[in-house]
Amino acid sequence: RCGWCAKAKEAMLAYHDDEWGVPVHDDRTHFEFLVLELSQAGLSWSTILNKRANYRRAFDNFDVRKVAAYGDAKQAALLQDAGIVRNRLKVAATVANARAFIDVQREFGSFDTYVWRFCGGAPRQNAFASLAELPSKTAQSDALSADLKKRGFRFVGSTTIYAYMQAVGLVNDHEVTCFRYDAVRRLADSDSGSGSDATVVSTVQPQQSAEDLREHRVVTLSNGVRCVLVSDAKSVSAAAAACVAVGSYSDGDVEGIAHFVEHLTFLGSAKYPSENTFMNFLSEHGGHSNAFTAAEDTTYYFDVQPEHFEHALDIFAQFFVAPLFTPSATERELHAVDSEHQRNLLNDVWRQHEVKNCNANPAHPISKFHTGDKRTLSDVPKEKGIDVREVALRFHEKYYSANLMTFAMVARQSLDELEEMAITKFGSIKNKSVERPIFNEVPAFDEEHKQWQFRIVPVADQRHVEVAWPLPPVLHHYDEQNENYIA
């Protein structure tokens, strides 16, 4: 790690490992760091970091419009809040800065667009060997500080602003020997905004029912991504989904890793590093999201109020362009996956499914433990010296390729507008030319694993009989639905 956090406590280490230097493009996060940095003046950063949760509570989770509306009574109440730095000038400066921040948003469209102009639109990559080499300010921080002061911002001296620039990734000041230096540099390389050189290489007009009044189009981008576009002018919400053609059958030696990757994917990206950005935005605008891992596919989806669809789609797309998989998120989601497994143990449908699978042909991946738990994702890997986060990163790097991804969008925008969104949002996803995994070399249920009867004691007070038999692959008959006629 960098020298400045060599003896730091857990909160500071997590900040260094997960946030410091990661490029920020979310205005709420920009405002948060401006507030925290001005609050630090004359104090240690650890003091402010330990009060961060209190600041989020006290300042309405850094909603800049709410803070800008604070009157004398609210400011007086803040000065009685022991959870923050009770400095009259700093509280007043925070409110004044919120109002100036909104003015910048009006002029430039976003504060993010404004501030990245001061480093040419891309993070400055420094190469310092030790803490002693780090500057306290630079020509860029001088310029940004001066411009902010002209716009009415307070407590924005060049030293304070350089600390802000380090925090939000305008500069990469990790020491070259720090394990985060190369990682942050790679994030910066992928941090190219929402632009894309992709083009549409094929367009299909699907058949549709005469009763379906919506407009449809299927396009394939030059990077291999396929997009199903649905224009519905009367839609009361907008939605999008992503299907990645890889699932739990591809787990390999770490059972549950595909499911674990699904959990990690929604937790921050290079462009939107905060783990809660997506969920908070959907919550604020009448939406929700979810995901699930199947045997051969993993699906992610969300919906939101129509007027907020494009920004939600941009956040969503970045999970597939440059996800973070931070160490802190990895540890936390291990517990989330294990909790999910503990709930499944009380689900009779899941129990019946698992009994059937674990008695299948052991040479076929259907026989593996697909959801994973603490044992398969933590205990066993640690015993074998395996870093499960690295396994997750390798899984994502190997399989999350543009040519294995299909996106679907349903919104009020015209088909042409949706097509343009598809190009700009999904066109920068890398095509690694990965072949879709196929699992037909051995039967899931061979002769040795047929004609079995299982008696399962249920959790609930119920009686249930299921008769099941394997069929050959029927996916290529999807348009005829043969298996449904049989059923």
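Predicted model: local features only at pLDDT ≥ 70, side-chain atom pairs only at ≥ 80, totals over all residues.
## The largest pocket

The largest pocket has a volume of about 2100 Å³. Its lining is made up of 50 residues, and those nearest the centre of the pocket are Lys356, Ile366, Phe445, Ala468 and Trp469. By class, the lining of the largest pocket comprises 26 nonpolar, 14 polar and 10 charged residues.

## The second largest pocket

For the second largest pocket, the volume is about 1400 Å³. This pocket is lined by 50 residues, of which Asp26, Arg28, Thr29, Ser274 and Thr277 lie nearest its centre. The lining of the second largest pocket divides into 17 nonpolar, 17 polar and 16 charged residues.

Helix α2, which spans residues 27-40, gives the most to this lining, with 6 residues.

## The contact between α2 and α7

Helix α2 also meets helix α7 (residues 88-108), and the axes of the two helices come within 10 Å. Two packed helices are described by the angle between their axes and the distance between the axes. The axes of α2 and α7 cross at roughly 150 degrees. Angles over 145 degrees count as roughly antiparallel, and α2 and α7 are therefore roughly antiparallel to each other. The crossing of α2 past α7 is right-handed.

On the α2 side, the contact involves Asp27, His30, Phe31, Leu34, Val35, Leu38, Ser39 and Gln40. These residues meet Lys90, Thr94, Asn97, Ala98, Phe101 and Gln105 in α7. The residues of this contact comprise 6 nonpolar, 6 polar and 2 charged.

Key. Residues numbered from 1 in each chain as written. Heavy atoms only, no water. 1 Å grid on protein atoms, 1.4 Å probe; cavity = no way out; pocket = protein on both sides within 12 Å on 5 of 7 lines; lining within 4 Å. Points joined across faces, edges and corners; volume = space filled by probe spheres on them. Nonpolar A, V, L, I, M, F, W, Y, C, P; charged D, E, K, R; others polar. Helix = DSSP H or I, 4+ residues; strand = E, 2+ residues; numbered from the N terminus. Axes fitted to C-alpha atoms, helices over the stretch in contact; angles between N-to-C directions. Parallel < 35°, antiparallel > 145°, perpendicular 65-115°, else oblique. Left-handed = near helix turned anticlockwise from the far one by under 90°. Contact = heavy atoms within 4.5 Å.
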